[in-house]
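Subject: Structure handover and notes on its packing

Dear colleague,

Please read the notes with the structure open beside them.

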Amino acid sequence: MEKQERDMKECPIGVFDSGVGGISVLRELYKIMPEEDYIYFGDSQNAPYGTKPLEEIRRLTITNIESLLKQGVKGVVVACNTATAAAVRILRGMYPGLPLVGIEPALKPAALQPGHPTVLVMATPMTIQGDKYKNLMMRYEKNADIIGLPCPGLMEFVETGNTEGEDVRQFLENLLSPYLREVDSIVLGCTHYPFVRALIQQLAGERIRIFDGGNGTAREMRRRLEAAGLRTTRSGLGAVTFENSLAQQEEIELCRTLFQKKWP
């Protein structure tokens with residue numbers, strides 16, 4: 001039994017996203033737990049999730065998480081707001097002993113800024129429409145004026161590795177310009193969006209603060225692994241393995257590029 005527990009500690013952490021966006025969360029995990037091993041699986045073949053029907057998102061998420069579990073991961077991060085809203089509650093019921101962490105828009109720190117701020121939440125249409133987001137918004141609507149902004153099409157830029165081009169800049173400018181005079185902060189409610197954070201900040205100006213949930217999600221996974229006694233006993237840097245449903249080498253190379261990309 002003791003050997004089995006020790007072996008479990010050395011198993012990798014699974015990170016799942018509908019595409020490559022969850023690499024922004026993987027980077028936060030690696031920052032605070034660099035000694036752990038990771039398997040990152042992106043379902044780019046079926047991306048985007050945020051415009052699909054709820055039942056299809058749920059089916060895809062559960063199927064892909066079960067695939068990670070078959071590879072022996074000791075915990076799972078659902079690094080996709082849409083997939084979290086659709087399936088995490090169900091997955092927790094299916095695997096009650098599994099350290100399982102989903103992500104949600106970082107609305108709390110944005111809304112609790114002084115002076116009743118106006119907060120713009122950028123997210124996929126499915127996240128904006130979902131009960132999880134609506135409940136989150138209701139929790140903080142007394143603290144801030146909250147505007148939900150569906151952003152269909154934005155994640156597709158990141159999925160192709162386009163995070164700095166003039167076309168994505170123009171897309172963001174058209175999307176954000178009606179709101180920038182009135183908002184105090186922007187919440188990046190999709191894990192793809194941190195990869196265009198620099199462009200968003202340039203358009204918004206330094207007055208507007210930008211929030212995303214990657215670091216909080218990573219810290220919560222660390223807490224759950226520690227509570228379960230599943231942190232690795234190794235020292236040094238762990239390994240990161242990238243897998244993708246497209247099964248193409250260029251997709252794996254894109255994953256590595258985004259993982260190593262310099263933050264603004």
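Helix H2 (residues 23–32) packs against helix H11 (residues 214–227) at an angle of about 50 degrees, and their axes are 8 Å apart. Helices here (H or I, at least four residues) and strands (E, at least two) are DSSP runs, numbered from the N terminus, while axes are lines fitted to C-alpha atoms, for helices over the stretch in contact, and angles run from 0 to 180 degrees between N-to-C directions. H2 and H11 are therefore oblique to each other, given that angles under 35 degrees count as roughly parallel, over 145 as roughly antiparallel, 65 to 115 as roughly perpendicular and the rest as oblique. The contact (heavy atoms within 4.5 Å) is made on the H2 side by Val-25, Glu-28, Leu-29 and Ile-32, and on the H11 side by residues including Gly-214, Ala-218 and Met-221. By class, the contact of H2 with H11 has 5 nonpolar, 3 polar and 3 charged residues, where Ala, Val, Leu, Ile, Met, Phe, Trp, Tyr, Cys and Pro count as nonpolar, Asp, Glu, Lys and Arg as charged, and the others, Gly among them, as polar.

Before going further, please note that this is a predicted model, in which local features need pLDDT of at least 70 and side-chain atom pairs count only at pLDDT 80 or more, whereas totals for chains, interfaces and linings use all residues. Residues are numbered from 1 along each chain as its sequence is written, and side-chain values use heavy atoms, with hydrogens and water left out.

The residues of the contact of H3 with H4 divide into 10 nonpolar, 2 polar and 2 charged.

Turning to the sheets, 5 strands form an open sheet in the order E4-E3-E1-E2-E9, with parallel pairing; two strands pair if DSSP finds at least two bridges between them. The edge strands are E4 (100–102) and E9 (240–244), each of which pairs on one side only, and neighbouring strands of this sheet are turned by 15 degrees against each other on average, direction ignored. Strand E3 (residues 75–78) pairs with E4 over 3 bridges, and the bridge partner of Val-78 in E4 is Gly-102. H2 lies across E1 (13–17), E2 (38–42), E3 and E9, running at about 170 degrees to E2, while H11 packs on the sheet and touches E1, E3 and E4.

Another open sheet has 4 strands in the order E6-E5-E7-E8, also with parallel pairing. Strands E6 (145–150) and E8 (209–212) stand at its edges, each with a single partner strand, so one side of each is left without a neighbour in the sheet. Strand E5 (residues 118–123) and strand E7 (residues 185–188) pair over 4 bridges, and Met-122 has Leu-188 as its bridge partner in E7. Helix H9 (residues 166–176) packs on the sheet, touching E5 and E6, and helix H10 (residues 197–204) also packs on the sheet, touching E5, E7 and E8.
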